[in-house]
Every structure is written in C-alpha cells, then in structure tokens.
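Here is a short briefing on a structure with several chains. Please look over the sequence and the model before reading on.

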Amino acid sequence: MAANRDVLLGLVEEFVSGQQDSKAAETATGVKTGQFTVLELVEALGLSLTSPEPQTRGRGVQLLSLVLQECYANLSESEVEVLIAFYENRLKDHYAITPHVLQGINALTKCTLPSGLSISILRSLFQDVHVQSLMLKERSCVYNILINLMASQEEELKGLGADFVFGFVQAMDGERDPRNLLLAFQIAHSIIYRGYELGKFTEELFEVTSCYFPIDFTPPPNDPHGITQEDLIMSLRAVLTGTPRFAEYLLPLIIEKIDSDVQSAKLDSLQTLTACTAVYTHKDLAEFLSGLWTSLRREVFQTASEKVETASLSSLKALAACLSRSVQKSDSDDALQSFLDLVLTDCKHHLCEPDLKLVWPSAKILQAVASASYRASHKITGAVVPVLLEQYKNSTQCAQRRTLLEVVQGFVQPVQSSLPGEGDESVLSGFQEPLCSLVFSALCESSTGLQVTATRVLTALGQQPGLLSVPDVELAADHLTRLVLEEEESEVCSAVLECSGSLARLFPTAFVSKMIPKLKEEIFSEPMEQGESNAPKQAHSQQAVRQRCLKTLAAVSSKASVAQESAPILLEVLSSAHSGSCSFSLEEVVSACHSLQRIAAQAQDTEDVGRFFHDIIIPRLLGLAVQAALHGEGEGARNSPLTEESVLFSLVLVMSTACGRLQSQLAILTASRAVSLFLDGDVSFLPENDLPSPLQLLKKQSEAWRQSQLVCLLMACVCSMPRSVEIPQIDRLFCELEELSCTCTHPFAYTSAAKCFAGLVNKRPGGEELDSMLERTMKRISSELDCASSSFRVQAFTLLLWVTKALLIRYHPLSTVLTDKLFSLLKDSELSGAAANGFSLIMSDTEDVLNRACHADLRIMYRQRFFTENSAKLFQGFNSAEKDRKSGYLKALSHIVNHLPRQVQITELPALLPLLLEALSCTEQGVQLSTLSCLHPILTDPPPALTPHLDSLVSHLLALTTSTVMNVRIASLRCLHALSRLPEHMLLPFRARVIRALAVPLDDKKRLVRKEAVLARAEWFLLGSPGR
Amino acid sequence: MKDTLNVLHKFNAHPDSRCWYVAWNPTGTLLASCGGDRTIRIWAREGDSWECRFLLPEGHQRTVRKVAWSPCGRYLASASFDATTCIWGKKGDDFECLTVLEGHENEVKCVAWAPSGSLLATCSRDKSVWVWEVDEEDEYECVSVVNAHTQDVKHVIWHPTQELLASASYDNTVRLYREEDDDWVCKATLEGHAATVWSLAFDPSGQRLASCSDDRTVKIWKESHSASEEDGAGTSSDLHWKCICTLSGFHSRAIYDVSWCQQTGALATACGDDGVRVFKEDTNSGPHQTIFSLSVHMPKAHSQDVNCVAWNPKEAGVLASCSDDGTIVIWRYQSDT
Amino acid sequence: MSGGTHLDNANPVIYQRSGERVLTVEEEDEDIVDPIDDREIFVTLEDLNVVEQMRVNVDDQGSTVSVEFTPTIPHCSMATLIGLSIKVKLLRSLPNRFKIDVHITPGTHASEDAVNKQLADKERVAAALENSQLLEVVNQCLAAKI
C-alpha cells in the first residue's frame, strides 16, 4: 500500500509541479483499477490544495476534477458528500480555480446524489458564481450542471420554488454563444414543460429568452459545431410557445416583429404565432386578437412574398382553430364568433367590389379561416357563398365570372380539418341548388377558364355527400357528354375527362344511362361523305371526337358496372374494324385498345373486372386476332387492321395488363387455354371457333407470318402471370419458341418469340433444369452466330439479347457469359451496331414484358450492378478495338451510362468522362444525343472530376450547337446552359469564346433551338458580372 | 464611269469584341486599332497578310475608344472610357505607356495631336475639351479646359496647318476653337445637324470641314470671310463657317465616321447600316457650288456597324475600316476619273 | 381598406398567354424554317424582371427589331434603365445581324426624347455596361426569374 501511496504522490507531484497533463489519465486509471481511492487522492493532493499559490491550488483541483470525470460512476455516497462539500467550499476560492471546480461539480452531478445535496450545490453556485463573467467553456459547464440536476433531482429542485428559476435567469442573462444558448434554451424548455414553479419570475424568464427573438444568426464559414440558425430558432420557439403564461408578453412581441422589414424575422414571428396557438386557449388570445388580425391581414394584402403570405394564412387558420377548440359553448361571448365577424367585416366587402382588386387575398384569408374547423367553415361559408353567388349573377365580364368561380371553388373544395362531424350536414347543403345551377351555367359558357373551373367545382360537390342529387348527377353527365362531343380545347377536354372519371366512380349508374349510350352512338356514326370543300377539316374533327369518346369510355370505367358496359363497345370497335362493317382508322383501333388497357389497369373492384376480362374480353380478343390472321392468308384478301404490328402491340398491352391482375384460379386457366391454343390448336374457348384445323400457330410457315406473329399474344398471356402460376407444357413451349425465334424470317414474329422465351426464362425457378435448357439454347445461338454465312444471325442475336436481359435482371449467374458474348459482338462487322443499341434495351424498361407489372423477377439495382461488373471490360474493349470499331463501344457506353441512376453517374464520372467526350465527337447522331443526355444531369451539379476536362467539354459542346440535327443542337445548348452553374472562376476563361460561339445558334432556323441559345447565352453573359 | 472598292485584306483584329477605331501612322506603314476588349493593337503588313506587330500591355481598365499617332510617328495616344488618356512610346522592341493624362471626370471619347506635335486635345462625356501642351522633356500640361458644349463631346480634330481645333458633340453642334490670351476659346458654333455629330474631317487644304451625324447626313462646312461684315454682330476674331453642302439620303442609319483622303480628295464614310461609302467631288463643283456624288457603296462591308474609316496618308486610295464585328478591312479604292 | 398603403399591384391583370400551342421537340419538322417574329421577341422580353407594356416589331429579312415600351409612370426615372435592360436583353438574345431600336411609346413619358437619344447612342450604352453599378442593376433585371 505504501508503494501505491508513493506512486500516487509521484503522479500528483508530476501533474501539479511538473505540469505533465498526461499524468491525469494515469491517475484516473489507477483509481479505476482500484490501485488507489479518490479519498486517497484528495489526501495526496493535501499540500497542493493548501498552497498559498492560487496556481498550485488550481492545478490540484484540476487533477481531482479530471480524475472525477473519468471515475464518477464508482463513488460511494459518502465520498460524493465529502467531495461536494470540498468543491462548494472551493467556489469561494480564487477565480482562477473556479473553472476546475465547475468541472468537478459537473462530474459529480452525474452521480446519484444524497438528498439535500443538489439544493446545496445550486445555492453555492447561484451565490458564489457570476456565470456571465466566466469563459465560454465554464458557462457551458454551469448549464450542464443544471441539466444534470434537472434530470435526476427534479423533486428536490422544485422544492426550491421560484428561486430556481430566478437563479437560472440570472445565470443565463447576457449569454451570447450559440452553443451555450442551445443549452440554456433546453433548460428553459424543461422548466416550462416539467412544471417548475415560475412564481413571480414568469416575466423574467420570458425576458431573458425572448430577447433573442427573432433569432438572427449566420454560422461562420466552416463552422465546426454545425449549429444552424434553424436549430436556434426551433429551440427558442419551443421555449416561447411552451406556456400560455407567456401569452401576454409573447403576443405583443409577435405583433411588433411581424412588422419587421427583415423577411426571416417576419416568417419566424408568424411561425411562432402558429406554434403557440397549439397550447393557448381563447382567453390567452382574446386581448390581442384585433391586433393580430390587423397585422396578419396587412401581410396577406400587401406582401410581395409567397412565403410570408402562406405563413400568414397558416397563422390565421391556427388562430381560428385555437378559438374553435377552446370555445365549446356558443354563447353571446363567443370569441370564435367575434373573431370571424372581424374577418368577415374586413374581407367580405372586397368580394363585392366591382373591380375585384382584393378578391384573391380576401378569399385566401376567408378560406384559411374557414378551413380551421367545421364551425368556422359553417359561419364563413354561410356568409360568403351567397355573396359570391350574387356577384357571379351580376357580373357581365367573363374574366370576372371566372375569378369568382375560382373563389367559389376554394370554398367548395372539401378540407379535412373542417369536414362535418357525425350528424352534422355539409356547410354547403343550404346552397346545393344555386351552386349546381351556377356550375351548369358555367359549363355552358364559351370560356375555357370558366368551363375548366366549373368541372372542378362539380368534382368537389360530388365528393361531399348530399350535395349532388340524382337528377343533378344525371344533368351533370349530360353536360359532360356534350362537352366530350363538342369541346376541342385540350385544357377543357382533360378537365372534363378528369371530372367524368371521378363522378362516375361515385355515381356509376348515371353515367351508364346518360353518357355511355351517347358515346357509343357517336363512335359508330359513319364519317360524312367526302367531297365538300371543308371535308378534310370535318373529317379531322370527327376523328378527334371519336378519339375523345374512346378515351372517355376508359376514364369513366373504374367501376365494374360501368366497365361491363363500356368494354363491349370497345370490343365492338375492334370487331367492326376487322370485319370492315364500320370504318375505323388504325389510330382509332389502337386508341380502343389503349382504352381497354386503361380499364383493365384502373379497375377498382379487381375481382369483378378480372372475371369479366377473363370470361369475355380476352377470349374475344384472341378470337378476333386469330381470325384476322387466318383471314389474311387468302389470296387478295382485305388486310384486317388486327394484323398490323401497331394494333398487335397494343393488344399485347391490354392482355398482359389484364392477365397480370387475374386471380390465381383464373390466371391458371387463362395460361393453360393460351398454351393449348398455341401448341395444340385448341380453339374451343374462343367465341367464334369455326376455324380451319389443325391450327399450328407456332410452327414456322414462311408464308403465314400473320399467324407466326400471334406469338406476341401468347407472350401477353403467359409472361404476365404471377411467378406462382405454373405454365403447362413449359418444355415444349421453350422448344417451339426457340425454334420459331431462330428460324422465322418475319422480324416482329421472331422478336416476339424471343421475348416470350425470355419472359418465361425470367420466371423459371433456378436449378439444373433451367441451366441445361439454357445451355442447349446458348449452344444453338453460338453456332448460329459463329457461322458467318448463316442467314439467321440476326435472329440468333435477338434471342441472345432478350435472354441476356431476362437473366441479368434476376441476377442469374449465367448472365455473365451471355453479356460477354454481347460485348464480343461489338467487334462483329455485321452486328456491332445492333449489339451497341442492344445495351439500351438491356438497361431500359420494356413496356410489354420483363417489367414489374408483368411480375418479372427484376432486381432494382441490376443496372448499377451491370455497370460495375462490366465497365472495365467496356473500357478495355474500347482501348483494344480497331479504330473503325471504337464507335460501337462508345455507343454502348453512352447507352449504359444514360440509364444509370444519377448518383452512380456522378461517382463513376472521373473514369467515364474521357470516353464520354470521345463519344461526343463520334459522328453518329444517336450516340451524340444519348451522350448529351447522360451529361446534362451531371452538369447541373458537376463533380470536381470535371475540371480537367472542361476545355475539351466546352469545345465539343460548342461544335455540336451547329449540328445538322435539331435535337443535338438543343441538347448541346442545354448542356452549355447547365455548365454555366459551375463556379465562376472555372468558367471565366471560356466566357468570351462561349458567348461568341452562341451568337451563331441565336440565328438558327428553328425557334426551339434559338430559345435554348438565348437562355444559355444570357447565363454566360451574367458570369463574372455584377448583379448575377 | 466605274469606280471600285475592293477588299485587299480582312482580319479579325479584336475577336470576341468590337473594334472601335483604327489610325494610320504618318508614314502609312502601321495601323493602330482599339476596341471593347480594352486592348490596343498595332498591325503591319507582312507579305500577303496583316500581322499584329504589337499588343500594347494592359494600360486601360475599360474600352479604348480612340487612338491617334503623333505627327512624328513615335508616339501613340489612346482615349479610354476609364477617364484617362495614355501616351505610348516605343522603348526597345516594345511599346510602353509613358504618361497617363488624368483629369476628365468620366469617359474620354477622343484624342488628337496638333500638326506641330506640341499640342494635344482630348474630349469627354463630361462636356469639356482639354488642350494639353507637350514640352521638350515630353511632359504634358493641361493649358486649357473649355466647357463650350452642353453635352457629351464625341470627337476632336486639329486643322491640318493652323492651330485651330474642332469638336463634335451629342448636343448636335460642331465647335471651333482658337487660342486667345493663353486660353483656348470657342470661336464658332456650327449648327445644322439634327442629332449627335459623331466625327469630323478636314479636307487636305483645311478650307473645308466634313461632319457626320446620327441624323444620317454628312455636312460640308466652309469658312466664310464675308460673314462678319454681313451680320456685323460678332467680334472680329470670331470665325464664320457655313454649311455649303449636305449629303442626305445616302445612309440608312447613323454615320459614325468620315475621312477625307489627303491625296485624292475622296470622302469615305462609316455607317451603322454596315456599309462603307466613298463620295467624290464633281468636276463642275466650284467655289460657289460644292457637289459630291456617291462613287462607291459597299452595302455589307462588315457584318455589323462600321465604326471607323481611315485613308492611308501616303498610299492613295487605300482605306481601312473597322466594325462592331471585330474585324478590320483594308480596301483599295479606284476611280475612273 | 384601413391597413393598406401600397396596393398598386395587389391584383394585377393577368394577360393570358396566347392560345398558340407550343410544339414539342418530337413534333417539330426539322426542315421548316421558323422566321424570327414579333411574338418570339415579345416572349424573350416578357421574362425581364421589369413589367412594362411593350410593342415589338421584327423584320427578320431586313434584320431590324424595334421595341416601343410604355413606362408605368410618366415621370418614372427608371425609364432609361428599363429601356437599357430591354436593349441589353435584345443585344444578348438576337443574332448580331440585327439592328435594334428601343423607344418610349410616343407621348407616354415626360423626357421621352432625352431617353430615346440615350438609348440610341451605342457609345453611351457601351460605357454604361462597363459601369459596374449600372450593370448590376441591369443584370438583376435580366436575371432569369426563379
């Protein structure tokens, strides 16, 4: 033990006299390991602590405090008691010692204190220390002591009564450091929220904190503490808005600061006001309501800033919400009523003034207040809507009526916070009739704006129960039908479509009876005889009407009951187009398909619609397509539109959308029907099955490409099912599809076969079976590709491409081999261009297969992974390629990078840039465009890696601004525009050159190019120029 | 009659900027140019092309509006929007700025050497014309500040033989000055233009003065010795010049410069419609009737405004022009008559 | 209304954009030449941060553009600055071949002639744009709206 004591004395000596700071840690280790106790340390410090030199005493206390910081957890109660008594005593010592004393106390307050001690500490602290004359670190120490004590000794502290608050107020009074302020605000916040007694010091506590309001703080550059103005604002706001007892001081302060010229102060004041209404009651607000109203009204009426306006409106809403909440009884002294009266008095008359000057600000205020609660909305709406209706009736100008209708819309739009409660009726129910007639009269006006707004009001009325009666809805359906048939303005058309859609969801019957028959009639009305002078124009507008009707059929069909009426009409369009009984253009047939697809996609009650598609639509579509294909084979037969690729492609989308949503029972059935149709020629489920047999749709028949291309419909059925649906006869299917895709000469047919094959491969469970099948296929593909004289190389390549994609997106290990094969084709003289473009297909989403809607096995990160695994190969390939083969690599690279997420693009940029720049100088315009489109997003927030390439980039971009292709000119100008956001010092060397070069596209023959040139050049002019 | 103006050379003298002015040295071997890029360049013919022989080190903070060679050809003066005038001289193989003349409140628009070489005039947007004296040690001293114009003074020019100074202004007038009792005073105000007078040129003898203006006309003025007797008003020392000829209808925009060929008497103009025109005096033009007719018009002489034309002082018919498009063109003018 | 002092622009008349549909890039026929017309220049100037009434007259073939603007207040001292901003915007946005004239609509400003003369003087315009304070104000007028 004596040895330990000597060691300890040695450490003390070296720390105190030897000034060796490291000894503190050694001492602490000694205490922690039990080599010596804290009391022994105090004993050993004896001499230094009683030294006449304040410096020596300070050093002694410092050692003790440093050790305590490490070891406070192991102290016994009695040790704590002794130490605290010691430290309290030291607080009266020389000022140079105080910092170390505070450190010690701070450490000790983290222990469990024996009762009474916390009070004693606080008394000494408040009595003997003048906090604001301490250094920053010591002040922080004092705040931490308070925080520690408040955390563990709340009861004792509360026993101090208001003295505690007083002590704290004195301690923080005058604090300037943002870090310490955050601590002080935290303490003040706890005082309020933990219910400490404020006593007569409420105002003092408010004053000492509110003097920082509104916070104006700009962190120094490279601030290591990372404290933002926002941090300070939020923590001060929590204090100021914490208690209604501050209301009488805070509200006048807010009124004063809303007046400030500084926008951030205005905003802070408004947000603080909004925050405090959450804890206030009407009593706290009463006295200040008229003052607040005056300020807020002024801000809304006069502000130039949207932010201030929005904040003011939120405050108004919050005030009204607070009043609504706390005033339960509506007696004569109702604060809500009187506040609303105040608002109405000042705003309502603006709605009536003929010049409508302050209509918008007034309307915004009234709507904000009304949205606070059902009661507020009841009163405001009741007072305002009749005025608006009257105004509307009396106004002669269309623009004014439009403004008024837009205001009405604001009041009609349902707002969650002011919806009627149970048993209450809508605040608008008294105005149901005049509102409806207002809407219907506006729908009859010729002004686009009025019509559009009227549809929105109508939608809003429909969404609230009881505001549209059945006759109203029917009338509405009539009006909407009329607009669909007559209105050409695209803005109105889309508004009508939207409104019809949302009303039909709520009132399907009315639309089935009123709208659908008229649409059908219009669709099947034959085009007028040609020959008159205005015939082409008429034909054009009639086509447009048909298109609108077809679109509307889809828009209103979200309910099964409507879909069952509308989908058969669309089917009929297809069958008449096929039979030629009614003439439809190819675009119209495609539109009919799109509408069917939309119906399948948006079906609300999926089960009913699904069954409907399964039972009726899919068999009919397949039947029609098969008939069309067979029909077309005959000599001199009329070509059915259903054999056209564009129509087949849209049929694929209809069927895959529908099949993708089928319930599993129906899905299994559909899959097996489709497979047996295509493999065995089983047509029994088709509605009109008097077809020649045997049908052999998948067999290669050189003449019968119309039949071969139907394989796309097989794909639509079997590749869109959930993975759990087992596809029957899968092996036979694979064989036949492989054969068709490798030997068919019709591009659409062999590509569809390849896609179908790929779609099935993608969902096939992994394992030996799949691997051996793939191996077989790969062998076939390779042998075809390796035979330079083969006439089926393109087919083999197409299959390779799709199978690669199918495996790649599910992370199948075999995909690497296939990818390498594709890379090797970049050197192929015949296929290099196709191979390069193939990477675009691999990296992008495909619409008809291998996507999420088709339940494909698709990993989200496959693109990044593909890039990471293959970029090196690509670079290597580029570097080693013959000169005339390099462009294929650049094209592939540009496609791949173009589809990468931006974050990846940025990280990879340093490596990619030199190649991308080469790609820019590649003569192929497709590569230029693709490269420009990958560069553009990077340039808007350019990474440092760009710097060394800037010169070359600018030169390349400038050269492309005079390209022969308009899109390249536009894209390069956009890149140059984006580039202007780089730091000025980087760009100034190029400024004169760019400005001069951009004068050329200012005179481009295309307006779109000139527009981009004007924008880009303007930015470059501003570079390095004052007032930018 | 078939007069021609052919391009001998064209070069991009101030790329990325405009070229405001060109000036031949007295021997006609060097051409100094200045522009919006704040530089002064000195060009010389090298074989078949024109090369920039000197790029004067940065002396001005803003646009250099005009340059002028001293009659001895050893010095070049430059007037700049930075409110200073610099005097440059050759030191070794390079030009150096020898003196900076300060005093004008804002943009100096023009500088001109008197034929003696001992006087220099400058003018500015501050409405004043300053006359500077050069002593044997090449020290410059301002001897007079004349505030005769009521607006921006655009141009100053010295009479070819006498100590007579002329200035042109935004106030639409031309004024003439002589020294009187150690001070320079305005002796005549030539009124007649309807807009800013941009530039002036004396004929070889100094008897006539041409002025060009934003009003799209050129006016020829001549001293009238009988005037003082006629109006009887002015003091005997006042000068009387009157307009004897107005060339109007030839130019479609502002005329920025006019130059009178010392050998052939042809008059060239620089116009804001991108054209260069040469006029020549009709043979039947006499003391009582001055008639100028358009000899050649080059409509697209430059792709933007032409700012300046300058006849070569030694080689008859060689004309230099410069433009907002930054280029200088050297022309050869040939006249049948 | 009691609280208001500056309500000049509380509910400005909003001019509707012309109904002309803007073609998308995909719909454009590359080979058709679109001449520079009044509306194109008007749209360019509309982006200026100075709200003024303007009349634009473009002759693409003759390479001239003239703009007449009406200052909101007849004595507005900002007229020269607004005119200057319009001129600078045109200088930066139009091909160099164009001759640009900017005038005040006749009869709408007290010192119309003086302002017009200043705007027409290219030397003074050039000097003004080398004055950094003036340039700063002009640039602020030109800076794209956010």
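Tyr811(A) is partly exposed, with 15 other C-beta atoms within 10 Å. A residue is buried if 20 or more other C-beta atoms lie within 10 Å of its own, exposed if 12 or fewer, and partly exposed in between, with C-beta atoms placed from the backbone. This is a predicted model: local features need pLDDT of at least 70, side-chain atom pairs count only at pLDDT 80 or more, and totals for chains, interfaces and linings use all residues. Residues are numbered from 1 along each chain as its sequence is written, while chains are lettered from A and ligands numbered from 1 in the order in which they are written.

- Most residues other than glycine have a negative phi, and most peptide bonds are trans.
- Tyr811(A) has a positive phi, near 60 degrees, and is not a glycine.
- Tyr811(A) sits in the loop between helix H40 (793–808) and helix H41 (815–825) of chain A. Helices (H or I, at least four residues) and strands (E, at least two) are DSSP runs, numbered from the N terminus.
- Asp181(B), also not a glycine, has a positive phi of about 50 degrees.
- The loop between strand S16 (174–180) and strand S17 (183–190) of chain B holds Asp181(B).
- Asp181(B) counts as exposed because it has 5 C-beta neighbours inside 10 Å.
- The peptide bond between Phe213(A) and Pro214(A) is cis, with omega about -10 degrees.
- Pro214(A) belongs to the loop between helix H12 (202–210) and helix H13 (229–240) of chain A.

**Chain A: overall**

- Chain A has 50 helices and zero strands.
- Of the 1028 residues in chain A, 47% are buried.
- Take the contacts in chain A with a separation of 6 or more: 74% of them join residues 24 or more positions apart. Two residues are in contact if their C-beta atoms, placed from the backbone, lie within 7 Å.

**Chain A: two helix pairs**

- Two packed helices are described by the angle between their axes and the distance between the axes.
- Helix H42 (residues 832–843) of chain A packs on helix H44 (residues 886–898) of chain A at about 10 degrees, with the axes 8 Å apart. Axes are lines fitted to C-alpha atoms, for helices over the stretch in contact, and angles run from 0 to 180 degrees between N-to-C directions.
- H42(A) is therefore roughly parallel to H44(A). Angles under 35 degrees count as roughly parallel, over 145 as roughly antiparallel, 65 to 115 as roughly perpendicular and the rest as oblique.
- H42(A) contributes residues including Ala835(A), Phe839(A) and Met843(A), and H44(A) contributes residues including Lys891(A), His895(A) and Ile896(A).
- By class, the contact of H42(A) with H44(A) has six nonpolar, five polar and one charged residues. Ala, Val, Leu, Ile, Met, Phe, Trp, Tyr, Cys and Pro count as nonpolar, Asp, Glu, Lys and Arg as charged, and the others, Gly among them, as polar.
- Helix H18 (residues 306–326) and helix H19 (residues 335–352) of chain A cross at roughly 150 degrees, and their axes come within 8 Å.
- That angle makes H18(A) roughly antiparallel to H19(A).
- Ala320(A), Leu323(A) and Ser324(A) of H18(A) touch Ala335(A), Leu336(A) and Phe339(A) of H19(A).
- The contact of H18(A) with H19(A) has five nonpolar residues, one polar and no charged.

- Two strands pair if DSSP finds at least two bridges between them.
- Strand S19 (residues 208–213) and strand S20 (residues 218–223) of chain B share five bridges in the antiparallel sense.
- Leu209(B) has Trp221(B) in S20(B) as its bridge partner.
- Residues 22–43 of chain B are 0% helix and 59% strand, with end C-alpha atoms 10 Å apart.

**Chain C**

- Chain C has five helices and three strands.
- Along the sequence, the pattern of chain C is α-β-β-α-β-α-α-α.
- Buried residues are 27% of the 146 in chain C.
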